[in-house]
Amino acid sequence: MAFREYKIGSRMFGLAFGTSMFITLYMPAVDIQNVSATSIAMDRQLSFGRVGGFSYEDPFLQGWAKPITVQINQDPKTGATIESTRAFVYEKGVPFPNGIRHPRILGKVPAAASESKGRINEASEDQGAVFIVREEVDGGVMVPYIENATATRGWLPSATLAKASESQRLHVGKGKIMFVREGCWWCHTLLPEQTQDWQYFGAPPMLGDFNGESPTAFGSDRKAPDLTHVGSRNSSREWMMMHFFNPRLVQSHSIMPRYDYLWGEKDANGNTIDYDGWRAAYTAYADGKSIYPPEVPVPAADSEARALIDFVLNLK
Amino acid sequence: MFKYLFAKAEDIPAGSAAIYFGYSSIIWFVIGTGLGSFNAAKLAFPDFVTGSEILSFGHMRQVHVLAVILGWISMAFAMAMMYITPALGNTKLWSEKLGVWNCFIWNIGLSLGLFLLWLGVSSGREYSDMPFFIDVVVILGILTPLCVNVFMTIKTRRTQGIYTTNWFFGAATFMVIIVFSVGNSPEFFQLTGLTEAYLTWWFAHNVLGLWITPVAAAISYYVVPKVTGNPLYSHRIGHLHFWSVVVFYSTPAAHHLMSAPLPEWLKSFASVEGVLILVPAIAFVSNLLLTMTGKWRMFVENIEIKFTITGVLMAIPLNMQGGFQQTRAINWYIHGTGWIVAHAHLALLGFSTFLEAAAVYYGLQTLLRRKLYSLGLANFHFWMLLVGFTTYWVSMTIAGLIQGAGKIYEVPYIDVVIAEHPYMIARWVGGTMVFLGNCVWLYNMYMTARVGTAIPAGRLPHELAYER
């Protein structure tokens, strides 16, 4: 039996559902598309890299092919002393973030400035590139844009990395992968709320603070402090290290899981980490049988723990 | 099941697909609630099972959520559609073979997706966490065959009109394909920033509003009249329910991001539409409760009615919360707290699960032609679910109010964690009760298939007396 008696109903359904999709999909999409990226959005996507979740270059979320954020005091090309500069190093083959791949995501004015002044359209993933976030007053308005320092200043990725000491390199891109993979965002939100939170967790984000970032990992169920500005509240690498290894070392009431497995097999000195021994010593400490807890091993430079700590400290 | 994958269509007994879906859904329910109980234990006792990446909370939380939504709830829906749609059209399922394949691909695809998710292969978006190739499997291998089977069964019906339940089944199976395709488009097209955040919650809202809520309601539109023998109180109110779901329930997605920097007009629009979901909710609840007129003793005596009406009654607090908690006046207080977790469980574990459990109980007895093995065990299941859920809901609501107070007075967060601890233990106790109840249910349904009394031809399951 055909649908003929339901012709009117089907058309009304199409009209109702279509209108609803028009209002909830098309109209917001057009509206959000007209938002210009802020310098915060540029900094975020350049430090995180293209995707913070599953991707072709990193299917198992190991932090492969991610940029490295560096703080340098010397010009990588000339060696001259320059004011401390934050640069984002994309080595050969590391995919660029979405604002570079599709500049219109940045919004009209910042995209035009990034292309004309920043020459981002000359950057190539095959060669790698170094980016900087810049701001310039244009007609009385502060316009942020991305500069491709490889084109404008001749900074090569390898030379730029060489100018940064180990402590000046932040593996923020890999750290974001750890943040998503380990489910930090199931409890820690990345979204101070507009109506409160100002005093304790800091200012909520603005409309243009996310253009080009994926995923935003706002989180929905806050069982733990918001982390958007955590690096401004607590900048101690030592504290973060102890807290990730066993949160009860620094906060006895914490319900956060231990992330000791992110240390891997060897610590920063190349010694094998004795997890069983550590646990036994910690249990003795927790039971009151010893006065001091065991020392937390320093994570190796290429460990996942180090990347996650870099990411968290970088949330300013 | 496997022997029917390549059998001739006429060799596959009618109802096979529904039976496979029914048992699959119960098994996924046991797995999903088991994971939930394990996760809750970790929130109450953080040093319970540590040192293993694979057994950490962050790796299992989303597996629990999707096992329950795509395994238990959606498979129970598929089960209901596979036997209710043809029954209401006075015909057979359009293709039993497609149904069996659908069930097979569903189990394989979901297992693979959850396995990867468990390893940490995630897109980083809540509710649409699965990587894109699993989304493609869900859309093309799971939802589309289901939609085709339901639509073709309605098309080949041998009745003049289409009953309320089948409007919902037809519309919802179509809408959920759109919702899945659009909701996962950030991954297909690499959308970023607020667009992606908004689409994530557009998906999460609409999978609830255009799939879980209407299909669960549609099931009860069948079960209550069928088992009580009363005709549906009003088809007009059914119309109101259907059209207000399509018009109102599909629009308030942005109210999940009330405190995010989305355009203000969008948030205000979503908030007003969010209150209007009370229209379908009130239509649904009043219609079903009025259908019960004169048959209220069955609420006590009959297990399917007991489950269904409990679920319908839970739709009242659910929609009162849902309608008002998203307005700015209330949302600023409870957003992102345990209150929302309690509300989500009221929707999925309270309202919807009770309706589907009734359909699975009734459907398996009808299709297997066997009377339920034990009413005692079924009652045990019911009370474990109800008491376990209530414990969970009350404790999480209180925890949420504590969190909300902590949030607006901006007390040091650790004080909130300390204050919540007793409620985290209560949540774990409640969740574990639900899990244990489900294990009993699986046993009960297994025994029904094995030794349940055969139902004579021409009789319906509820017409026979319970034996145990």
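Let's start with chain B: 17 helices and zero strands. Helices are DSSP runs of H or I with at least four residues, strands are E runs of at least two, and both are numbered from the N terminus. The radius of gyration of chain B, taken over C-alpha atoms, is 22 Å.

A word on the source. This is a predicted model, where local features need pLDDT of at least 70, side-chain atom pairs count only at pLDDT 80 or more, and totals for chains, interfaces and linings use all residues. Residues are numbered from 1 along each chain as its sequence is written, with chains lettered from A and ligands numbered from 1 in the order in which they are written.

Back to chain B. Its C-alpha trace spans about 65 × 45 × 45 Å along the principal axes. Buried residues make up 61% of the chain; buried means 20 or more other C-beta atoms within 10 Å of the residue's own, with C-beta atoms placed from the backbone.

Now the interface. 61 residues of chain B contact 64 residues of chain A, contact being C-beta atoms, placed from the backbone, within 7 Å. Several helices of chain B take part, including α2 (16–44), α3 (57–89) and α17 (413–451). Which element gives the most to this side of chain B? That is α8(B), with seven residues.

Last, chain A. Its domain assignment, automatic or from a database, gives domain 1 (39–172) and domain 2 (178–313). Their C-alpha centres lie 26 Å apart.

Technical notes. Contact = placed C-beta atoms within 7 Å. Rg over C-alpha atoms; globule rule 2.2 N^0.38 Å. Buried ≥ 20, exposed ≤ 12 C-beta atoms within 10 Å, placed from the backbone.
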